[in-house]
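Subject: Structure handover

Dear colleague,

Please find the structure below.

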Amino acid sequence: MNADGALDIVVPVCNKLQSGLSWTCSSEPGDSQILVLLNQQKPMCESKWTSSSANCRRQSNLCVASDFSFAGPSDWKFQTLPQPAGVGNWTLKGDSANPPTFRSTDYNSDTFPDLLALVESDGGVQLHLYHSCSPGSQCSASDDTAPDVVRQFVCNAGNTFDADFNISVGAFFDATGGVGGRTAAQSGGLSIIAFGNTASASTAAVLDTSDFQDHFHIVATGLNGVCMENCDGVTPNPRPIGVNTVGVNFKITVTTFSGDKRALQAQQLPQSAYQPLQLPFVYFGLSRSNNYIEEFYIGLTVSSHDHSHMFSPIIPNTAVLVIPYPREQPESWKIELAISRTSYIFWVAVAAVGCMALNTLILLYLDRRERHEEEKTQHQNFRIHFMNT
C-alpha cells in the first residue's frame, strides 16, 4: 500500500448491530473505517551497488527471505471512511452473510493501490472509489511517502458511482476490450463494473472506465506451468497455454522522476472468499515514469528451494506472460511480452524520424566541411611544394 515492496493488509471495519446470530453494519456516522496494517520487512537497499546486509535487500535479490511483523492492536491507526463532499453520510454495506469487502488495484496508475467499496446511506447503495494519498497532500501523482507512514484515502464527488438497479457487488474489470478491441494491456485503462438486480432479473453495468492516458503500466500474468513445447520431444498442437495461478507474487522496481527507486509488489488472485471478483492478472501503474523496469521478479509456491526468478529489463506498456515450466527449475522459466501501442505512437515515430533526418543533415554538413578543409589544405600544400621548388 505504500510502495515499499511488501504486501500489506487492508481491513474494512464497521460497528456491528447484532441480532441473534446475524449482524449488519451500523449506519451511524463514523462507524465505518479503513485499517491498513503495514508489513514491516527488510527494505530495499538505496543503491544498486550495495550488497545485501542485515539492514536491506540488494536490488538484484529482492526475493531473499526476511523476518516480518505487523503493528499490534495498540498501534493500529484507523481512518474514518472518507465522505465525498455534499453527498450525504455513507457507511460500508455488509452483514453476516456478505461482510464488507474492499477491492484493490492501482486504478489511477500512480503506483499506489486504490480501493473500491460498496457503501450505503439513506439515498441508496453506491460504489465509491478511494484514491491513495500522502497524509495532508493534494493527492497528486508525484506524492511520495516514507515506508513507515500509513497513506490516507480520499473520495471525491466524481468517484461515486450509482446505477439504475440495486447494486449487490462491484469490482474492477478489464472491460476496455469492448472499446475498439483494446484490452487493459494495450490501453492501460481499467473499468468499474457493478452487479445487481432489478425487479425482474439480474443485471450488470460498466459504471466507469479510467482515462489516464498519460501514464505507463505493466500487466503481468503468472500461469500454472504446463509444458508448451518440446514435451518429451513432442510439441503439442494446438499449443497449450494453461491458466493463471492463485497466489503468484510479482515484484518490480520503478525509478521515479526524482531519481528515487521504489519497489512494488502485488499478488495474483490473493482472495477466494466473499465474492472477490478479482482481476485475472496483476496491474502495476508506473505513473509518468517511462524508464525500463530494471528488475522484474516472479515467485510462486514450489517444492524446491528456489521459488523465484528475475527477468530484466522490461519496457513499460507491456503485457508480461510468465510461463513457470518446469516449476522446480526457476532458471528455466520463460516470459512472453506483448508490447502495446499508445496514443502517442505516431508522434513518437515523427520525432524519431525527425531526429534521424536532423542527424543526417548535420553529418552531411560536417562531412562536406571536412572535405572542403582537406581540399583547401591539399591545394595549399601543393602550391607550397611545387611553386617554391
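Cys 45 and Cys 56 are joined by a disulfide, S to S 2.1 Å; the term stands for a pair of cysteine sulfur atoms within 2.5 Å. The torsion about their S-S bond is about 80°, so this disulfide is right-handed. The pair links distant parts of the chain, 11 residues apart: Cys 45 and Cys 56 are each in the loop between β4 (32–37) and β5 (78–80). Strands are DSSP runs (E, at least two residues), numbered from the N terminus. Cys 45 and Cys 56 are both buried, where buried means under 20% relative accessible area, exposed over 50%, and partly exposed in between (1.4 Å probe, protein chains only).

This is a predicted model, in which local features need pLDDT of at least 70 and side-chain atom pairs count only at pLDDT 80 or more, while totals for chains, interfaces and linings use all residues. Residues are numbered from 1 along each chain as its sequence is written, and side-chain values use heavy atoms, with hydrogens and water left out.

The structure holds three disulfides. Another of them is formed by Cys 14 and Cys 25, with sulfur atoms 2.1 Å apart. Its torsion about the S-S bond is about -60°, so the disulfide of Cys 14 and Cys 25 is left-handed. This pair, too, links distant parts of the chain: Cys 14 lies in strand β1 (residues 9–14) and Cys 25 in strand β3 (residues 22–25), 11 residues apart. Both cysteines, Cys 14 and Cys 25, are buried.

Cys 227 and Cys 231 also form a disulfide, with sulfur atoms 1.9 Å apart. Their link is left-handed, with -110° about the S-S bond. Cys 227 counts as buried because its relative accessibility is 16%.

Regards

Notes:
Helices (H or I, at least four residues) and strands (E, at least two) are DSSP runs, numbered from the N terminus.
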